[in-house]
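Hello,

Here is the structure I promised to hand over. Please have a look at it first; my notes follow below.

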Amino acid sequence: MRACLLAIIFCLLVGETANAEPQWLTLPPTPSLPKAAQSGYAPVNGVRIWYATFGRGEPVILLHGGLANSNYWSNQVRALAPRYRVIVMDSRGHGRSTRNAEPYGYDLMAGDVVALMDFLKIPKAAIVGWSDGAILGLDIAMHHPERVSKLFAFAANSDPSGVADIANSPVFNAFIARAEKEYDQLSPTPTEYKAFLAQITKMWETQPNWTADDLKRIAVPT
């Protein structure tokens with residue numbers, strides 16, 4: 001009886017019904033960005049980085065996860081834009097941005113963020129990063145601390161073991177399939193998703209490689 005009651009309470013807490021999958025095993029629809037105050041392409045480190053800005057105030061940069069694009073931040077943009085200047089960007093090769101033959105790496109991609117800040121004349125910003133975007137936030141906080149006012153990093157890994165079992169996740173595999181469709185719709189190279197995925201996967205398998213001491217040296221409020 002007690003076990004049954006606990007199961008019912010659990011189902012109510014996670015919002016699932018008897019016939020529905022738990023929320024963490026489903027992908028919500030990708031939202032659409034609101035109308036931007038400014039958007040375009042920035043020539044950055046040999047590629048063209050797509051960006052958009054919303055609202056006014058202290059700058060906040062939102063960095064999306066691997067294989068994703070800026071559309072995933074749409075709900076957060078709507079929440080933050082009334083109080084902040086919100087900047088989203090598609091990482092190199094992701095979404096609307098281009099890539100070149102240079103191998104993917106977190107240091108390189110973090111440099112793209114800093115270069116976009118230079119392009120937009122933003123000396124310092126708060127950074128919110130998800131997954132690969134969180135790793136970029138940590139990288140920037142380590143190597144360019146003067147450019148970060150504060151950092152919120154979620155779903156980051158500090159070494160490749162953090163994602164070693166990612167291929168066993170049905171949710172992540174569903175995300176990879178959906179990312180392919182979004183890549184086809186947004187990318188300037190829509191037929192090259194498999195090559196893009198292979199390059200990103202190689203980065204995931206080899207980077208980052210930070211120790212606990214490396215992370216302890218981050219002085220930015222994180």
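Strand β3 (residues 58-63) and strand β5 (residues 125-130) pair in the parallel sense, over four bridges. V60 sits opposite A126 of β5. Strands and helices here are DSSP runs numbered from the N terminus (E, at least two residues, for strands; H or I, at least four, for helices). Two strands pair if DSSP finds at least two bridges between them.

This is a predicted model: local features need pLDDT of at least 70, side-chain atom pairs count only at pLDDT 80 or more, and totals for chains, interfaces and linings use all residues. Residues are numbered from 1 along each chain as its sequence is written, and side-chain values use heavy atoms, with hydrogens and water left out.

Now the sheet. It is open, has six strands in the order β1-β2-β4-β3-β5-β6, and its pairing is mixed. β1 (38-44) and β6 (148-154) are the edge strands, each pairing on one side only.

What does L116 touch, leaving out residues up to four places away in sequence? A42, V44, I49, Y51, I87 and M89. Contact means heavy atoms within 4.5 Å.

Best wishes
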